[in-house]
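Here is a short briefing to read alongside the structure.

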Amino acid sequence: MTAGGSHLEAPQGRGDQAAAAVPFRQDTSTPHRHPRAHIAVLQGFIGSLMMLVGSVGTGWIANGSPMVRHPLVIALRVEGWGVYTCTVLLTVGAMLLVRSWLRLGQRLQGWPAGAQRSVVLAVCAWSLPLLFAVPIFSRDVYAYIGQGRLMLADQNPYTTGISVLENWFMLGADPVWAEARTPYGPFFLWLARGVVGLTGAQPDLSVLLFRILACAGVLLCVVYVPKLARLHGIDPARALWIAVANPLFLISFVASAHNDALMLGLAAAGTYFAATGRPVTGVLLVTASIGIKPITILLLPFIGLLWAGPRASWRRKFTLWAATAAISFGVLVLSGLPYQLGLGWTWAIVDSTPGYTGYSPSGFLGQQVQHLASAVGLPGAAMASVLRAVLQYAAIGLVLLLMFRGDDHRVVRRLGLAFAAVVLLSPIIQPWYILWFLPFLAVTGIRDNWQIRTLYVVITFFVIFGAQDQLSVWPFIELTVNASTIAFVTALLFTAYLMLLDPHTRHLLVHGGPAGWFGRRRRRRS
């Protein structure tokens, strides 16, 4: 079946050829191992082990965890040498994982038979140490414990913050969650309640169970990303390498245990079923994804288009859009009955979080407008706020345009672009948000030109950002140099090595970068 969901058809036309960066041809030969790929897998495994050790000294450990009373943990988190050692191990390990990912793609160049097995092996090997690491790059997983406790206490997390609970701070949650309503769907709250009920809110066991749930989402991506890629004539191994084996994905979804992993896995599975003639199953799976995190409500119009199939009349499209909405919203309404949750999850869609991040396009442009306007006596803050709002409305406009216009055989591509528009034009972008739309672009084609190089830059940037921004170092420890500064300098030095000294990644990042592009243009003109 094609992405349009009607019949078997290879990608046709210039647009599809442009999307199919690496066309997939079914190889019936016996899969074989790639020893050279195993070198990259081993190096990445070493990087993950380094992150595991480094996380003990700089990761987020709940104050109520018995780990904080272990002599070795105390030494690594209280002594300056321990903090510095763990900071360097965590940062170098993360950057080594970046290099291993790049080298794996190089070593599997051409994506021969058996390449998918090598990528799956890399995902498993690199994830295993992270599964047992102290939470790094984020401590949202401890907020999940608090929300599970609220559910057990018959409190509504959509109206009540975790500060009403006794001992909430000792269980590791960031104080910003104290009065905050949960932005998660009812299905995830059920899961959080189950986890806390099983563990008695013991923080270390709870983190492990939440990680297992996240790994279920990773597994769904491992299964359905290649399947979706085949539907679009894209090499499944390459799509899996881009979307799942990348270090930001594994750090965010395994080490940080974000529930976005389960959300995304269910969304990918639902999209695949809708694209292969099983639309009701697809709608239910996407609805389950919404029940984890409501942002994937964005997928429903495109699931309706997949249900309608190519060349469907507008009457059929509107009918199946209505059917898709009726099934999904009907299930979600019923899911609000247990524990009297109602439709509290809808606030996360209609009430956006205030503020912005400086590295988002919206946040960065808003800052520049504010500085320039204020310099000439204009209300810079108000003008920046208007600009950010305009960009958000522009994202909605792009979603509507992609819903109503476009090739019926490229609905999944349109879905990915719509998701990307919503994320990239939002004033707040967390590092793992780009992982929401990346699989849908990977399975429909990311070219080996500026597109893949942009991805290299973005992945590396967010790995560096997380390594220096999310370090748990107790404030009473006297350090000659701030741990975040050590992490930042270490990451920059490693990046300089990759770009200037490493003979493999230097060619990949620099010779194929802007200098290479301009060189090719000059040669063409001559």
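Predicted model: local features only at pLDDT ≥ 70, side-chain atom pairs only at ≥ 80, totals over all residues.

**Helix α18**
- Helix α18 covers residues 411–424, and its end C-alpha atoms are 20 Å apart. That agrees with the 20 Å that its 14 residues should span at 1.5 Å a residue.
- Because 11 of the 14 residues of α18 are buried, the helix is largely enclosed by the rest of the structure.

**A421, a residue to look up in α18**
- A421 lies in helix α18, and its relative accessibility is 10%, so it counts as buried; the cut-off for buried is under 20%.
- Leaving aside residues up to four places away in sequence, A421 touches A395 and L398.
- The C-alpha atoms of A421 and L391 are separated by 9.6 Å, and these two residues are 30 residues apart along the chain.

**R99, in another helix**
- R99 has its place in helix α4, which runs over residues 80–107.
- With a relative accessibility of 12%, R99 counts as buried.
- Again leaving aside residues up to four places away in sequence, R99 touches Q43, F494, Y497, L498, D502, H504 and T505.

Terms used: Residues numbered from 1 in each chain as written. Heavy atoms only, no water. Helix = DSSP H or I, 4+ residues; strand = E, 2+ residues; numbered from the N terminus. Buried < 20%, exposed > 50% of the residue type's maximum accessible area, 1.4 Å probe, protein only. Contact = heavy atoms within 4.5 Å. Expected span 1.5 Å × (residues − 1).
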